[in-house]
Amino acid sequence: LSKLEKAQHIELGSGEASRLRDFVETVHKLTSSKTELLFGQIPYRENDAMCMVANIDTLRKLGWIPRFDVASGIKKIIEMDELE
């Protein structure tokens with residue numbers, strides 16, 4: 001793959017599966033949030049995603065490699081936000 005189409009959907013992520021709960025708990029911890037997380041208080045809907053992963057095959061074919069895991073990426077975003 002040397003070129004991309006003029007309009008192409010490309011997923012961006014680490015390529016590793018991540019549970020939404022793990023993501024939320026990581027953000028909660030890294031931001032020192034005092035918000036009470038009430039997982040399970042609202043029943044899950046039939047099509048709720050419990051695990052998410054980006055398909056990064058197209059990016060890999062272009063030579064792209066993820067540089068951060070989820071926690072490191074969140075830390076980087078927090079640091080950038082604090083600089084503003």
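1. Order of elements. From the N terminus on, the protein chain runs β-α-β-α-α, that is, 3 helices and 2 strands. Helices (H or I, at least four residues) and strands (E, at least two) are DSSP runs, numbered from the N terminus. The radius of gyration is 16 Å, well over the 12 Å from the globule rule for 84 residues, so the chain is more spread out than a compact globule. That radius is taken over C-alpha atoms, and the rule is 2.2 Å times the number of residues to the power 0.38.

2. Basis of the values. This is a predicted model, in which local features need pLDDT of at least 70 and side-chain atom pairs count only at pLDDT 80 or more, while totals for chains, interfaces and linings use all residues. Residues are numbered from 1 along each chain as its sequence is written, and side-chain values use heavy atoms, with hydrogens and water left out.

3. Extent and burial. Along the principal axes, the C-alpha atoms of the protein chain fill a box of roughly 50 × 40 × 20 Å. Buried residues make up 8% of the 84 residues; buried means under 20% relative accessible area, exposed over 50%, and partly exposed in between (1.4 Å probe, protein chains only).

4. Surface. The protein chain exposes about 7500 Å², of which carbon and sulfur atoms supply 53%. Accessible areas come from the Shrake-Rupley method with a 1.4 Å probe; for residues, only the protein chains shown count as cover.

5. Contacts. Of the contacts between residues at least 6 apart in sequence, 78% join residues at least 24 apart. A contact means heavy atoms within 4.5 Å.

6. Leu-37. This residue is placed in the loop between α1 and β2 and is partly exposed, at 32% relative accessibility. Not counting residues up to four places away in sequence, Leu-37 touches Val-24, Glu-25 and His-28. Leu-37 and Arg-21 are 16 residues apart along the chain, with their C-alpha atoms separated by 9.8 Å.

7. Ser-32. The loop between α1 (20–30) and β2 (51–52) also holds Ser-32. Phi of Ser-32 is near 55°, a positive value in a residue other than glycine. Most residues other than glycine have a negative phi.

8. Gln-8. In the segment before β1 (18–19) lies Gln-8, which is partly exposed with a relative accessible area of 33%. From Gln-8 to Glu-84 the C-alpha to C-alpha distance is 32 Å, across 76 residues in sequence.
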